[in-house]
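Have the viewer open and follow along.

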Amino acid sequence: MSAESSRSNPPLQTSLPISFLIIGGGIAGLACALALQRVGHHALVLERTDRNAARAEGGVRLPPNLSKILFHWGLRDVLLSKASVTTRLLFMRYESGDLLGEHIWDADMLKETRGMFLMMSHAELYDVLYDAATRLGAQVRYNAEVAEIDAEEHEVKFASGEMLSADVLVGADGEYGPSRTVVLGEEDAGTPTGLAVYDTLVSGKHIPEYAMKLSEKQNGQFVAFGEGHAIVAYPIHGSEDIAFQLYAPDTGEDGRYGDGPSVDITSIATNITQKLQTAVSGARKAVRVSVRDHRDLEDWVSDDGRLVLIGEAAHPFPPGTIQGTAMAVEDGAVLAKLFSHLSSERQIESFLYAFQELRQSRVRDVRAGEFASAFFMTAEGPDAAERDAAMRRKAATGKNVLEGEGSAEGVWEEYRVVFGYDCEDEADDWWVQWGMLRERANGAAEMGASVPSLLDFSSAMGQVQVTTAAE
């Protein structure tokens, strides 16, 4: 479908609607619910906080591989009414304010990806997904904290004793949620890296005039590299505010999104250039989010039941990176695409493992690149000097400072792998190459054996069951 269209082609509808309980009502959970409802399934989202807390403050960047999915889902117009389209990144030194160069995304290459680079507030993206999902019939329950998960029985229990069950449980409750613990068999706090992201907003009135002019003209992103520090900043709310993310040494214990804003940025942004002092002094209190390295999970699907992990629960990304949100939405899109082909209960497990197979290598490669980027920005000593010198050399010859030394074909290959990737096409390819063959083989086996029909059972599927502890 053309990215210019704001209407989505009707997706393939499942012939066997089933129920999904999605644990976690952030971006990952809402995107998954929307995707599943689009193909005819029933999604109930359980969010432990209230809606205002789930919407959150701060900014979010949508790379082309993410925006193209939302465009395909018919959300182009509403996104572009709220987001800014960005084409330019400006790099400077954190301590001196000296320019290192710029990077302008090639228009032809971006067109090939069928997406755009967008910037907006987290709350705006949240509302777009919530409205679209609930309009299609998804249900969202807030203040619904899950106390226990029984993967074998595919049910959850609240502290009140209420229990809910569904045909499939989806863990979208982040790296510290109970879903990851159930699949892994133990808690995974991750390994501290010594780095944290201090996430906040700065009013546009506190941004230097030269910076605001660039922002208003080309919706530029600012990146400042320093010794153990870095800043990523970009306009949201029509440039009324600037999303401001400071990478700096971690000053506390296990900070995470969901914590209240408590950090005064001026106490963290030491040795910063005078050019950015006004912005720092005008920043609101920041949320401190520790950058931790979590282990790669061998399995995203529970051994004893129908619980599958998506988003940060499956693959925690460094906070503030471009691709963390994108990978979470890709997860939901692929899961739904596979389950659009559901016609028999026996397919459920194979589709969950197909999802894992399709997503793991993609996510591991992108996640490794995002960790490398975080430490590239905050490099110190000789590594920082080498990085800066290379960027200045490229800038002096008119080159984009993020491009490698290879040919244009090599640069496009890098874009294609990350930004040009179409996760829904990958899911369709799996169905054509493997899923259909497997179904034909199973169908042939059933024709030759005396196997009871599943039709009578399937009519009972798709309904969420509610019981209480007393029952």
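The charged end of which residue sits over the ring of Y421? That would be R362, at 3.9 Å from the ring centre. To count here, NZ of Lys or CZ of Arg has to be within 6 Å of the ring centre and within 35 degrees of the ring normal. R256 does this too: its charged end sits over the ring of Y176, 3.7 Å from the centre.

A word on what you're looking at: this is a predicted model, where local features need pLDDT of at least 70, side-chain atom pairs count only at pLDDT 80 or more, and totals for chains, interfaces and linings use all residues. Residues are numbered from 1 along each chain as its sequence is written, and side-chain values use heavy atoms, with hydrogens and water left out.

Zooming out, the protein has 15 helices and 19 strands; these are DSSP runs numbered from the N terminus, with helices being H or I of at least four residues and strands E of at least two. Of its 471 residues, 55% count as buried (buried is under 20% relative accessible area, exposed over 50%, partly exposed in between, using a 1.4 Å probe and protein chains only). As for contacts (heavy atoms within 4.5 Å), take those with a separation of 6 or more: residues 24 or more positions apart account for 77% of them.

Now for the inside. A nonpolar core here is a set of buried Ala, Val, Leu, Ile, Met, Phe, Trp, Tyr and Cys residues joined through side-chain atoms within 4.5 Å. The largest one has 89 residues, and L70 and L79 have the most contacts inside it. Helix α10 (residues 323-339) gives the most to this core, with 10 residues. Of the 17 residues in α10, 16 are buried, so the helix is largely enclosed by the rest of the structure. Its length checks out as well: the expected span is 1.5 Å times one less than the number of residues, which gives 24 Å for α10, and its end C-alpha atoms are 24 Å apart.

Back to L79: leaving aside neighbours within four places in sequence, it is in contact with L62, L70, F71, L118, M120, L125 and V128. Apart from this core lies another, of 27 residues, including W105, A230, I236 and M391.

Next, the rings. A search of the whole structure finds 11 aromatic pairs, where rings of Phe, Tyr and Trp (its six-membered ring) pair if their centres lie within 6.5 Å, and planes under 30 degrees apart count as stacked, over 60 as edge-to-face and the rest as tilted. F225 and F376 make an edge-to-face pair, 5.7 Å centre to centre with 85° between the planes. This pair links distant parts of the chain: F225 is in strand β14 (residues 221-225) and F376 in helix α11 (residues 347-377), 151 residues apart. F225 is buried at 1% relative accessible area, whereas F376 is partly exposed at 39%. Elsewhere, F20, F339, F351, W430 and W431 form one aromatic cluster.

Finally, a look at the backbone. Most residues other than glycine have a negative phi. N271, not a glycine, has a positive phi of about 60°; this residue is in the loop between β16 (241-249) and α9 (277-281) and is exposed, with a relative accessible area of 64%. H154 also has a positive phi, near 40°, and lies in the loop between β9 (146-150) and β10 (155-158).
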